[in-house]
Amino acid sequence: MSTFLNRIIEGVHDMCYIWAKEMKSVFQDEGVLLFFIVVPLVYPLLYSWIYNNEVVREVPVVVVDMSNSQQSRQFIRLYDASPDVHVAYRCNDMEDARDLVEKQVAHGILYFPPDFETRLMRMEQSHVSVYCDMSLMLTYKAIFSTATAVSQQINAQFQRQLSGNYTDREDQILVQPLAVDEVQIFNTTGGYGNFILPPVLMLILQQTLLLGIGLSAGTARENNRYQDLVPISRHYNGIFRIVGGKSLCYFMIYSILAAYICLVVPRLFHFTTLADIRELTGLLIPYLLACIFFGMFVSCIVRYRENVILLIVFTSVPLLFLTGVSWPQSAIPGAWQGISWLFPSTFGCRAFIRLNAMDATLYDIRPEYQALWIQVVVYFFATCLVYRYQLLHTRRHALNRLEEMKAHINAAKKKISEG
């Protein structure tokens, strides 16, 4: 019993030693320090500041009014009164209007044909053409939705004039027989920041962890310092001690950063934050552990410092799409959904959105929560296997070097004795 207890105490002591050495190496390496501290602190503020306006306002639009009539001018006045668009230019033909859109000084065109009012006065259907720059979806939405709302308002006026009703109530029922109240749930502001920022924040945690861990491993391989990756020492006598000590270092650093990113940043910019701290803590623990073990596993295939930067940065945008936030999860092909299950960000982003924006509980996100814990177990043992292989490789390398040194010493002694 005492022997077993002594081994446990020795293991804990060795793990603390590895933790202290890893913590020291993190703060001594400028590259790792950049991705572990500076980027997680600055990037969330930058993204939040960019999307803080939530919606686009006063989108510049070009008007081509070939009708030049009372009805077209009324349409333009109502259109320009909207907070979403601004009639910035007026042109006499479509060629000049297209030039303004091509120069990006305007993002859409509102075209009135010459017979716009004539057809209305004849009780015929008239048309207003709306041309939008589709490169920016938010500007397209503002231009098109405003034009639709104004056309419905003018249609209601014509309906009331032609109805022959005697009371306002009759007119109200005529133009709106079914009253509809639009209530936005979850994303109550209807803003782009509340929509896209939660998965971005969770993805920042994963990507910076992968960058920092991979950068440290790539530096060790690049400089051929095997002892920096898996050192040979009495304190490194055990795979679980090595993996536990290193992961404890990363977990302690990112526990503080995760609290800052998930609790402080959304409140600084007044984004929706409905998650309970206890529920959020329960989610972040498996998410950080899964990211850490996944990063340690991936770091063993990184050979140079530049490789990890190219690999991780390249995968950031595809991983954001695979979360099923910016693109519907149901529309993602099955093969890509299977690939997305390999990354902790897939389940972490979905769970965080439901906790933070939908006021869910851990029971409500049970599939994602269980998937994260499965990843923790799988990537932990996978990391132990690759680190064991690396440790054996390191020892074999050291023994070979020792044999070479002994051979050189024996050869030197033989020459001296012969001389």
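Q: At what angle do the axes of helix 11 and helix 14 cross?
A: This is a predicted model, to begin with. In it, the axes of helix 11 and helix 14 (residues 344-357) cross at roughly 165 degrees and come within 10 Å. Angles over 145 degrees count as roughly antiparallel, so helix 11 is roughly antiparallel to helix 14.

Q: Is the crossing of helix 11 and helix 14 left-handed or right-handed?
A: Left-handed.

Q: Which residues of helix 11 and helix 14 meet?
A: From helix 11, Glu279, Leu280, Leu283, Tyr287, Ala290, Cys291 and Phe294. They meet Pro344, Ser345, Gly348, Ala351, Phe352 and Leu355 of helix 14.

Q: Now helix 10. How many residues does helix 10 have?
A: Helix 10 has 30, running over residues 239-268. From first C-alpha to last, helix 10 reaches 42 Å, close to the expected 44 Å.

Q: Where is the kink in helix 10 centred?
A: On Ile261, with a kink of about 30 degrees.

Q: And what follows helix 10?
A: His270 follows helix 10, and its phi is positive, near 60 degrees.

Q: How do helix 10 and helix 11 pack?
A: Their axes are 9 Å apart, at an angle of about 135 degrees. Helix 10 and helix 11 are therefore oblique to each other. Their crossing is right-handed. On the helix 10 side, the contact includes Val243, Tyr250, Tyr254 and Ala258. Helix 11 brings residues including Leu284, Leu288, Ile292 and Met296.

Q: What about helix 2 and helix 10, what angle do they pack at?
A: About 15 degrees, with the axes 10 Å apart. Helix 2 covers residues 30-50. Helix 2 and helix 10 are therefore roughly parallel to each other. Helix 2 passes helix 10 in a right-handed crossing.

Q: Which residues of helix 10 does helix 2 meet?
A: Among them are Tyr250, Tyr254, Leu257 and Ile261. Helix 2 contributes residues including Phe35, Phe36, Pro40 and Pro44. Ile261 is also where the kink in helix 10 is centred.

Q: Changing topic: what pLDDT does the chain average?
A: The protein chain averages 82, and 87% of the residues score at least 70. Over residues 225-232, though, the pLDDT is below 50. That stretch has 26 contacts in the model beyond near neighbours in sequence. Where pLDDT is low, the predicted coordinates should not be read in detail.

Note on methods: Residues numbered from 1 in each chain as written. Predicted model: local features only at pLDDT ≥ 70, side-chain atom pairs only at ≥ 80, totals over all residues. Heavy atoms only, no water. Helix = DSSP H or I, 4+ residues; strand = E, 2+ residues; numbered from the N terminus. Expected span 1.5 Å × (residues − 1). Bend = angle between axes of the 7 residues up to and from the residue. pLDDT = per-residue confidence, 0-100. Contact = heavy atoms within 4.5 Å. Axes fitted to C-alpha atoms, helices over the stretch in contact; angles between N-to-C directions. Parallel < 35°, antiparallel > 145°, perpendicular 65-115°, else oblique. Left-handed = near helix turned anticlockwise from the far one by under 90°.
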